[in-house]
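Reader: Hi! I'm new to this one and would like a friendly walk through its charged contacts. Could you show it to me first?

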Amino acid sequence: MSGPTQARLRKAGRRLGLHLAALLAGAFILAPFAWLVISSIAGPSDLLERPLRWWPAHAGLGRYLTVLTTTDVNSAAYTFRRALINSSAVAFGTTVLSLVTGVPAGYVLARSRFRGRQALTIFFLSTYLLPPIALIVALYVILSLLGQRDSVVGLILVYSSFVTPFVVWIMRGYFTAVPVEIEEAARIDGCSRFETFWRVGLPLATPGLVTTIIFAILLAWDEFFYALILTSSLRAKTISVAIAEFSGQHMIDYGMIATGGVMAALPPVIIALILQKYIVQGLTAGAVKG
Amino acid sequence: MSLRLSSPNPRLLRTRVGREERRLIVAFLVPALLVTFGVVLIPLLEALWISFHRYSLTTPGRPFIGLANYSSALVDPGFWAATWRTVYFTLVSTGLELVLGLMIALLLNERFVGRGLLRALVLVPWALPTIVNGMMWRWIFNADYGALNAILLQLGLIKDYQAWLSSPWVAMNCVIFADVWKMTPLVAMLLLANLQVIPAELYEAASIDGAGPLGRFRYVTLPSIRSGILVSLVTRTIEAFKVFDIIFIMTRSGPANGTQTIAYYAYTETFTALQFGKGAALSYLIAVFITLLALVYFRLIREEVQA
C-alpha cells in the first residue's frame, strides 16, 4: 500500500473512531434519563415485566395530566403539584433576595478599596465549607420560634444564606472585569456613586447577571437537606422532599415517582439546554477568576 | 488574583467623594452580611454551645461536659468507619470524574458531526436535581424490575437478576457511579474551557520538536488544563466530603451502614438517636476536616497563581 493511501485510511479510521466515541458518550449521557421519561409514560404493568420491554405497550401522558389536575389531596400526584409550586416559590424568592443583597456586595468587593475587603471575600467563600448538618438543629429551633418553620419564607431565608455568597463571588468576578475607566468617565460626567453602579457598572455586567440568576435558581431548586428537616406539610414541602418521601415508601408507584422526577427535572434541564452559553461562562468565570 | 482598583489613594476617603464611597460600601455590604451571617453565624455558635453539652432528647438535663462529645466521637469506631467510607467515596468519585471528564472534554474539543448538540446534551445530567438523579439510579439498580438487570440479562452477561443495592460494598460503588454520572459533565465543561484556549501553535511546535501524540498530551495539554483540574479537584472533594442527599435517596446509608458517610452519621446521631450534643460535635469535626482540606488547596492555588 502506498504512503498517501495509508495516511488517508488512518485519517478515516480516526474520524470513524471519533464519531463512535461521540455516539457512545451521547448514549451514556442520555440513556438513563430517557429511561426515566419512558418509565413515566409506561403503563403500570409495562414496568413490572420480565423480560423488560424497552418501549411500553401502554404508553400515555396520563400521569402528567393527573399531577396537573387531580383533586385527591391524599395522592402522590397532588403532593407533587403542590411541591412543584412550593419549589418554584422558593427558587424565585431565593433568587430575588440573593440578587438584591449579593450583587451590590459583589460590586463593592470588586470596586471599592477598604480595609478588610479581602477578609470579607474569604468570609463569604468560607460558608461553602460548612456542612448544613452543623446549622440545622439551631435553625430548626430559631425558625420555630419565629413561626417560620415549614414555611416558604423560612426556606427562602435559609437558602439565601448559601446562595448569596455564591452571587457575591460570581458578580465580584464580573465587576472586576468591567474596565474601571468607563465608570470613572461616568463619575466625571456627574453621576453619583450609586448612579455609576446602577447606570454603568451593572449594565456592563449583564452577562454575569444572567449567569448568576441561572445558578441561583438551580441551587435553590436542587436543595434537599434543609427542606427535608425544615418542612413537614404541603405548606412548604419542596419537590425533592416529596419525591424522596414517596420513593421511600413500601408500596411504590414507580411510574408516578418517575413522573414527579421528570417534572422536577424539566425546569433546570430546559434552562441548561437553552442558556448553556451562560452556564459554561459562569462555571469558568467563577472558577478561573479571582 | 488580580484586582484593578478604582481609587488606590487612601486620602480620598477623607474627602466628600470618600464619604460617599464609604456610605456606598456600608449600604452595599450590610444586606449581604445580614442574610449570610445572620443565618449562618448564630446557628453555628449555637451548635458549638450544644456540642459542649450532653444534650439529648432521651435523657433529662443538659449538663456541660466540655469536650467529651468530641473525645467520644474520636474513639468511636462507627465514626472512623464512616470517615473512611467518606474518604473512599471522595477519592473514587473525584478520581473517576476527573478521568472521564478529561476524556469527554478531549472528545468535545475535536471536530465531529453533532458536536454542538453533544456539548449541549452533556449538561443534562448535571442539571438534574440530585434527588431526581438518585431516585432514577435507584430505579435502574432495582433488584426486581431494574433496567440494569434487564439489559445485562438480555445481553447474557448475568443469569439472574442481582440485588445491586443489597450488599454494602456494591451499593457504595453504585452510589458513586450515580454521583459520577451526574457530576462528570461539570468537570468536562471546566476542562473543555481550558482546552479551547490552547493555541494550535503550541501543538505544532511540539510536533516539530518530535513529540508524538502522548508527548503532546504530556507537555502541552496537561500543563494547560492545570487550573481546570485544580478547580474540579477542590469543588468536587469538598462536595464529596459533605455528601448526604444522594445517599439518603438511594440507600438511606444502608445496607448494614455500607454507605454511611460522616454527614449521614451526624444526621443519624442527631435525628434518629436524638443525641444533639454528639451530633453537633460530629458536624464540627466534619467542618474541621473540610477546612483542613481547603487550607491545603488554598496553598496549592496560591502556588498555581504564582507559577
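**Salt bridges**

Author: Happy to! Searching the whole structure turns up 9 salt bridges over all chains. Keep in mind that this is a predicted model.

Reader: Which residue does A:Arg14 meet in a salt bridge?

Author: A:Arg14 pairs with B:Glu110 through their side chains, at 2.9 Å from N to O. This contact crosses between chains: A:Arg14 sits in helix H1 (residues 3–41) of chain A, while B:Glu110 lies in the loop between helix H3 (77–108) and helix H4 (115–121) of chain B.

Reader: And is A:Arg14 buried or exposed?

Author: A:Arg14 counts as exposed, because its relative accessibility is 53% and the cut-off is over 50%.

Reader: Okay, new topic. What does B:Lys278 do with B:Asp76?

Author: Their side chains form a salt bridge of 3.1 Å, N to O. That pair links distant parts of the chain, 202 residues apart: B:Lys278 is in helix H14 (residues 276–306) of chain B, and B:Asp76 is in the loop between helix H2 (68–74) and H3 of chain B.

Reader: Why does B:Lys278 count as buried?

Author: Because its relative accessibility is 17%, and buried means under 20%. B:Asp76 is buried too, with a relative accessible area of 15%.

Reader: Which residues are linked with B:Lys278 in a network?

Author: B:Asp76 and B:Glu269 are linked with B:Lys278 in a network of salt bridges. In the bridge between B:Glu269 and B:Lys278, the closest N and O atoms are 3.8 Å apart, and both of these residues are buried.

How values were computed. Residues are numbered from 1 along each chain as its sequence is written. Chains are lettered from A and ligands numbered from 1 in the order in which they are written. This is a predicted model: local features need pLDDT of at least 70, side-chain atom pairs count only at pLDDT 80 or more; totals for chains, interfaces and linings use all residues. Side-chain values use heavy atoms; hydrogens and water are left out. A salt bridge is a side-chain nitrogen of Lys or Arg within 4 Å of a carboxyl oxygen of Asp or Glu. Helices (H or I, at least four residues) and strands (E, at least two) are DSSP runs, numbered from the N terminus. Buried means under 20% relative accessible area, exposed over 50%, partly exposed in between (1.4 Å probe, protein chains only).
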